[in-house]
Amino acid sequence: MASHRRPKQPNRARVTVLTATAAAAVALTSQAANAAPSEKPSKDEVKSKVDKLYEEAEKASEKFNGAKEKQQKLEKQVDRLQDKVARGQDDLNDLRSGLGSLASAQYRSGGIDPSVQLFLSSDPDSYLDKASALDQLSTKQAEALKKIQAKQRTLAQQRKEASDKLADLATTREELGKKKREVQGKLGEAQRLLNTLSAQERAALKAKEDRASRAAERKAADASDTPSGASKGEAPKGGAKGSGRTMSAYAAAQSKIGSPYVYGASGPSSFDCSGLTSWAYAQAGVSIPRTSQAQANAGTRIYSQSDLKVGDLVIFYGDLHHVGFYAGNGQVLHAPRTGAVVRYESINNMPYQFGVRI
């Protein structure tokens, strides 16, 4: 038989709680709808943050270059040491083999007491000759032992040195990987910021940079006696040009105008700042260090901008993490940063520290 009980009425307190919760939810929804949306950073704010990230990436990049240069030097040292150890082991094996031959010769002479051998000998003179030879054989044996001991000590020292260099190399490789990840992290963060801009905003930023590059190039050209002087590496008006090799290096750098900046690159198709300067000097037959910090100590420092000559290196920032060529008329020729190309730029766009005359 079906039940005719009335359904249980909801508890009054429960109804009150549910009603209050629903009201709160509606209020929160309303507030969320009326709240001002989080403001998107402006194009200029994004550019400022991106420029800062690019600068930090370049700092890390120069440290990366230093670790890479150290790794290459250590690899060469390890190769030389391992080659020495291998040759030393061959020499030791030859010495041991020689000692073995001496021992065999001594054994073949017999183990009989020398006085008994003389008594039994039918030819005493011949025996005495042999005894003298045996004496010499023992002396050679002693000398061979001394050589073996000396070679063993040298070999042990070389092996330890090679082992230490290998440990240093492992540490340097670890540091290299860390710096590489740091650079990639900064560049990735910068790209994510740029991606928040519209295509039009990104195009506007690029157009602004292109205009600045063209203006700097015109100014560098105006610094020479002829309109095309900048591409020929001629001296600026009222100034002076560097030495023959310096101007050859500067001309080599000019030939790479428009080449992209790539961190850790040193030519011939892409460059970072110190990669461009070291590559350019190499084309002039001059070897300079790989990093901007090391290049800062590669010649005579020029503290006054008015004393700079075309082709002098110019060092920027307090930690010396950026370098370029002085181009005359207050311009530098350099590889600026990721996303840019080798170009002319005002020397005042970065904190000048000093010039370096190689």
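Select Leu320 to begin: with a relative accessibility of 17%, Leu320 counts as buried (under 20% relative accessible area; over 50% is exposed, and in between is partly exposed, with a 1.4 Å probe and protein chains only). The model is predicted, so to speak of local features requires pLDDT of at least 70, and side-chain atom pairs count only at pLDDT 80 or more, whereas totals for chains, interfaces and linings use all residues. Residues are numbered from 1 along each chain as its sequence is written, and side-chain values use heavy atoms, with hydrogens and water left out.

Leu320 belongs to the loop between strand 2 and strand 3; here helices (H or I, at least four residues) and strands (E, at least two) are DSSP runs, numbered from the N terminus. The phi of Leu320 is near 60°, a positive value in a residue other than glycine. Most residues other than glycine have a negative phi, and most peptide bonds are trans.

Next, select Asn329, in the loop between strand 3 and strand 4 (331–334). Its phi is near 55°, again positive in a residue other than glycine. Is Asn329 buried or partly exposed? Asn329 is partly exposed, with a relative accessible area of 35%.

Pro268 is found in the loop between helix 7 and helix 8.

Then display strand 6 and its partners; two strands pair if DSSP finds at least two bridges between them. Strand 1 (residues 300–302) runs antiparallel to strand 6, and three bridges join them. Within this pair, Ile302 has Gly355 of strand 6 as its bridge partner. Strand 2 is also antiparallel to strand 6, with four bridges. Here Phe316 stands opposite Tyr352 in strand 6.

Finally, select the largest nonpolar core, which has 46 residues. A nonpolar core is a set of buried Ala, Val, Leu, Ile, Met, Phe, Trp, Tyr and Cys residues joined through side-chain atoms within 4.5 Å. Tyr250 and Phe325 have the most contacts inside the largest core. The elements that give two or more residues to this core are helix 2 (43–108), helix 4 (124–194), helix 7 (244–254), helix 8 (273–283), strand 2 (313–316), strand 3 (322–328) and strand 6 (352–357). Helix 2 provides the largest share, eight residues. Apart from this core lies another, of ten residues, including Leu308, Tyr317, Met350 and Tyr352.
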